[in-house]
Structures are given as C-alpha cells and as structure tokens.
Amino acid sequence: MLDQSVSKVEVKGFAARFYDQLLKWGSLGKYERFLKEAIAKMNIKADDAILDLGCGTGKNACLMARYLGEKGRIVGVEIGEEMATQFEKNCSHLSNVSLLRQSFLETLPFKKEFDKVLLSFVFHGFTQDNRRKIIDNARRALKDDGQLIVLDFNEFDLSEKPLWFRIGFKTIECPLAFEYIRINWKEQLKEWGFEIFEEDVWFMSTLRLFKARIKG
C-alpha cells in the first residue's frame with residue numbers, strides 16, 4: 001500500500017523558490033496560457049468567496065482575483081514555508097486575498113463559508129485516505145450550493161499515450177499519480193458525497209478541470 005512519503009506534491013528548496021519560472025520555461029510558456037484558460041472555465045463571480053487548498057506561490061490566486069469585485073475574496077491554504085512566503089509576496093497588493101499557513105489535511109476553521117474550493121495540481125499527490133480528508137474539509141467549507149473544483153490529471157491509460165509522454169510522466173511523477181489516473185473519480189466522489197457535473201480536458205485528455213457539487 002502506498003504511503004504519503006512517496007509524494008512529490010510538496011515542493012522545496014530551489015524548485016520552490018523558482019517554481020513559477022521553472023514551469024514557464026519547461027513548458028515554453030504554454031503552462032501559463034493553459035492556467036489562464038482553466039481559471040476562466042471556473043466561471044468566477046464578482047462576489048465569490050474562494051478557498052484555494054495548496055495555493056503554492058499565489059499564481060492561481062492572482063489570476064482568480066482579476067474576476068472578483070470588492071465583495072469577493074480568496075483564502076489560500078499552504079503549509080510549505082517557501083511557497084507560503086512567495087504567496088504572501090506575490091499577493092501582497094491584493095487586499096481581498098489572504099493566507100492560512102496550515103495543512104489542509106487537518107480540520108480547517110471554515111464552515112459553509114465558500115462558494116468555490118479549488119485544488120490545483122495537488123490532489124493527485126496524496127494517498128486515498130488523505131484525499132478523503134481533503135474532500136471532507138472541502139465539504140465543510142463549502143456553502144450548500146458551492147462547487148468543488150479540481151484541476152489535475154484526468155483518468156487515462158498511460159500505456160496508450162505516446163512514448164515521449166510515458167517517459168516524462170514516469171520521470172516526473174510520484175507513484176501516487178499513477179494510482180490517481182486509474183481511479184474513476186465520478187464514482188469515487190459519489191461515495192464521498194459529491195457529484196461531478198461539468199468538466200473540461202486538455203493536452204490529449206490527460207489534464208482535466210472538473211466541477212463537483214454536494215449531492216442533494
């Protein structure tokens with residue numbers, strides 16, 4: 001059975017300090033364009049309250065904040081010291097963006113406060129038990145009509161992808177990601193009290209943004 005020690009989701013050191021730049025250079029600028037397109041798909045309203053779990057450097061928060069009005073707000077949750085420091089620096093000019101330095105595996109101090117909870121490329125890096133804890137936290141934080149939004153890998157058969165993709169995935173990703181892409185998330189989330197109602201896919205259908213709501 002896989003445990004959390006094999007995860008690569010927490011980035012530290014040099015990679016953490018230059019995370020956004022490395023993604024930009026490594027993708028030849030494509031990652032930022034993709035991210036902007038994905039956030040546009042979130043359909044953020046001016047007065048939305050958004051909880052960003054695993055908010056990293058604040059890149060997502062800065063992009064999401066462009067859609068918010070005076071009544072909207074974003075709360076990022078991040079435990080990594082270097083990432084949290086960058087978040088505070090990058091978002092310091094945004095009065096409606098704040099940071100909670102805490103693990104989102106622990107119970108969060110929110111109850112039915114948020115219209116949207118975002119997980120962007122962090123969910124795959126946890127064990128299934130910990131994913132359940134994250135979903136429970138999201139459910140408590142969401143309003144009754146709120147949305148869980150996950151931007152991460154889609155479900156796919158790695159053996160059917162081109163050789164260059166298979167090599168890259170095996171080189172970069174941790175064992176937890178291999179497990180993640182084999183899970184039927186529509187069925188899993190139903191068991192955990194959510195249902196996926198909308199999704200968009202990119203890059204040979206290997207990346208997906210899905211929106212889920214609490215089952216009525």
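Colleague: What share of the residues is buried?

Modeller: Of the 216 residues in the protein, 49% are buried, where buried means under 20% relative accessible area, exposed over 50%, and partly exposed in between (1.4 Å probe, protein chains only). This is a predicted model, in which local features need pLDDT of at least 70 and side-chain atom pairs count only at pLDDT 80 or more, while totals for chains, interfaces and linings use all residues. Residues are numbered from 1 along each chain as its sequence is written, and side-chain values use heavy atoms, with hydrogens and water left out.

Colleague: What is the mean pLDDT?

Modeller: The mean is 89, and 87% of the residues reach 70 or more; pLDDT is the predictor's confidence in each residue, from 0 to 100.

Colleague: Where does pLDDT stay under 50?

Modeller: That applies over residues 22-28, for which the model has five contacts beyond four places in sequence. Contact means heavy atoms within 4.5 Å.

Colleague: How many helices and strands are there?

Modeller: The protein has nine helices and seven strands. Helices (H or I, at least four residues) and strands (E, at least two) are DSSP runs, numbered from the N terminus.

Colleague: Which residues does Leu148 contact, leaving aside its neighbours within four places in sequence?

Modeller: Among them are Val117, Leu119, Ile135, Leu189, Phe194 and Phe210.

Colleague: Now the surface. Which residues form a nonpolar patch there?

Modeller: Trp164, Phe203 and Met204 form one, with about 340 Å² of accessible area together. Patches are made of residues with over 30% relative accessible area and no salt bridge, like charges being joined within 9 Å and nonpolar side chains (Val, Leu, Ile, Met, Phe, Trp, Tyr) within 5 Å. Accessible areas come from the Shrake-Rupley method with a 1.4 Å probe, and for residues only the protein chains shown count as cover.

Colleague: Is Trp164 buried or exposed?

Modeller: Trp164 is exposed, at a relative accessible area of 55%, and belongs to helix 7 (residues 163-172).

Colleague: And how many salt bridges does the structure hold?

Modeller: It holds 17, a salt bridge being a side-chain nitrogen of Lys or Arg within 4 Å of a carboxyl oxygen of Asp or Glu.

Colleague: What parts does the Glu32 and Lys59 pair tie together?

Modeller: Glu32 lies in helix 3 (residues 30-40) and Lys59 in helix 4 (residues 59-65), so their pairing connects parts 27 residues apart in sequence. The side chains meet at 3.0 Å, N to O. Glu32 is partly exposed at 24% relative accessible area, and Lys59 is partly exposed at 26%.

Colleague: With which residue does Lys41 form a salt bridge?

Modeller: Its partner is Asp200, the closest N and O atoms being 3.8 Å apart. The pair links distant parts of the chain, 159 residues apart: Lys41 is in the loop between helix 3 and strand 1 (49-53), and Asp200 is in strand 6 (residues 194-202).
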